[in-house]
Amino acid sequence: MSPRIPIMKLFVYKWSPLVCGVLYIVVNMSSRMEYIISPWEAEAYIENLQISEMEDIGTKGWFEFHKRLVLLSQQSVLEINALREESIKEWFVSFKKIPILIYEAIQIDIWKHKVFPLLIEIDAELKNTFILFTIFYHENIVISLLENVLFHCESAETIDDSALDLVDYAVKCVSVVLDVKGVEIYESVKDSNSCLEEVLEKKKELEFDIGMRCVSILRYLAEFSDNLPLCVLSRMLATHDVPYLLVQLIESRPWGKENEEGENMIYNAGWKKEKSSEEGKICKIEGQVWFGLRELLLNPKCAPYYEITEHRLSHLLKLQKYLHETVLDQISPLIDLKRWLSYLSLSASQSKAPRGVNVELMPQIKSSIVEKYHKKWKKLAKHQSKFIYKSDVEYFKNAAAILSDAYDFDKLDCIDAKECFLCHEPAVKRCSKCKNAWYCGRECQVKDWAKHKVVCDNIVRKNMESKQKE
């Protein structure tokens with residue numbers, strides 16, 4: 001999902017949203033498929049992109065809208081992988097459609113908290129999970145696109161006042177990642193055979209992924225704050241105290257955990273076992289946190305909005321123990337941050353920077369949606385239950401047919417990074433017989449053949465049997 005290629009050198013200052021593999025792999029993948037959708041289709045999709053209505057969620061028209069966003073997201077990932085010109089980003093900027101993505105993310109978030117609980121009250125015995133999964137995944141797709149396009153500074157110039165709504169949304173999502181134990185009342189269902197339990201678990205997985213992506217979004221907003229309305233810095237520093245939030249992330253490290261076998265797992269668009277060669281390396285999400293902190297704390301324009309009180313001082317100084325040589329060797333710009341923290345600890349005085357005069361704007365997207373559907377939530381839930389609890393097989397077949405292009409396995413295979421089955425390094429060669437095993441080169445393929453031969457034969461046999469039945 002949405003990988004970019006970071007250059008791991010001491011002088012590098014720009015980190016990508018999510019990294020997958022090395023240059024020779026992505027070039028190889030790009031040669032297999034040039035487009036997910038044609039350029040003229042992508043341009044037309046973005047030019048005609050309009051916000052959706054909440055009452056349309058789950059309808060045929062909404063599924064068409066969702067499919068287009070999925071295809072645009074996949075094309076964006078393919079362009080990033082291939083190191084090509086990012087046309088998806090260019091069209092979102094040219095047509096000034098980025099605020100629509102922000103609106104869509106906030107609308108689905110409101111739907112999850114206002115409408116979804118009422119749908120559960122109407123009928124907790126779900127007969128299917130397809131539509132709900134798609135609704136939850138819609139928010140994830142939108143944030144993935146936002147993460148891709150906001151990597152570039154020119155994107156910040158086109159989001160205007162919606163940046164305030166994005167700050168509020170991103171802070172909320174990152175806070176959810178920190179408070180993984182805080183679940184809502186209707187999430188207390190614990191029936192392994194329940195469709196509802198399956199939906200809730202998937203909802204949590206997607207919210208965690210969204211939270212991780214919002215870490216990158218906050219970093220980009222901090223970095224490009226000069227291109228945003230003046231009140232964005234105030235919103236990030238004075239209203240939400242984003243530096244405090246980022247310090248909590250460094251301390252809690254939600255992107256790392258141990259699996260049942262005691263092996264270290266790192267989150268990178270999914271939980272993956274940490275390779276022995278990666279031990280001690282800073283993962284990409286942690287790098288985004290560090291750069292976000294550096295931008296917010298060392299930018300001279302931030303000082304008027306962020307008074308270093310005694311409480312903030314004690315919290316910020318916790319960062320010193322994490323800024324050891326291993327970290328500084330990998331992200332050399334953090335030397336400036338360490339020097340600033342040392343000065344702060346020695347002076348031990350509160351900031352005397354003059355407070356800036358700021359006429360603060362208020363976020364409009366969330367309030368406008370809530371006001372639009374005020375006292376209509378139950379009516380809306382009842383209306384949507386007709387689609388979500390629909391038992392008509394033809395309806396689901398039609399919805400699945402609409403999304404079939406967006407979830408084409410050949411297309412997904414082209415944007416998914418592969419690992420060598422033997423050494424787990426980035427892979428470029430595929431078993432020509434079963435098409436399932438990947439290897440970094442001929443040497444690993446030969447070494448693994450004795451073990452893979454049995455599996456390979458079984459896969460080929462099953463494929464032949466399936467074709468015969470068809």
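In which sense, left-handed or right-handed, does α2 pass α4? I found a right-handed crossing of α2 past α4 (right-handed if the near helix is turned clockwise from the far one by less than a right angle, left-handed if anticlockwise).

The model is predicted: local features need pLDDT of at least 70, side-chain atom pairs count only at pLDDT 80 or more, and totals for chains, interfaces and linings use all residues. Residues are numbered from 1 along each chain, and side-chain values use heavy atoms, without hydrogens and water.

Entry: α2 and α4. I looked up the axes of α2 (residues 39-47) and α4 (residues 87-94), which come within 9 Å and cross at roughly 30 degrees. The two helices are therefore roughly parallel (angles under 35 degrees). I listed P39, A42, E43 and I46 of α2 as meeting I88, W91 and F92 of α4 (contact is heavy atoms within 4.5 Å). By class I noted 6 nonpolar, no polar and 1 charged.

Entry: α3 and α4. I read an angle of about 125 degrees between α3 (residues 60-81) and α4, with axes 8 Å apart. In α3, L72, Q75, S76 and E79 meet S87, I88 and F92 in α4. This contact has 3 nonpolar, 3 polar and 1 charged residues.

Entry: cores. I found 129 residues in the largest nonpolar core (buried nonpolar residues joined through side-chain atoms within 4.5 Å; buried is under 20% relative accessible area, 1.4 Å probe). M54, L72, F92, W111, W290 and L293 have the most contacts inside this core. Helix α10 (residues 195-223) gives the most to this core, 14 residues.

Definitions and conventions: Axes are lines fitted to C-alpha atoms, for helices over the stretch in contact, and angles run from 0 to 180 degrees between N-to-C directions. Helices (H or I, at least four residues) and strands (E, at least two) are DSSP runs, numbered from the N terminus. Angles under 35 degrees count as roughly parallel, over 145 as roughly antiparallel, 65 to 115 as roughly perpendicular and the rest as oblique. Ala, Val, Leu, Ile, Met, Phe, Trp, Tyr, Cys and Pro count as nonpolar, Asp, Glu, Lys and Arg as charged, and the others, Gly among them, as polar. Buried means under 20% relative accessible area, exposed over 50%, partly exposed in between (1.4 Å probe, protein chains only).
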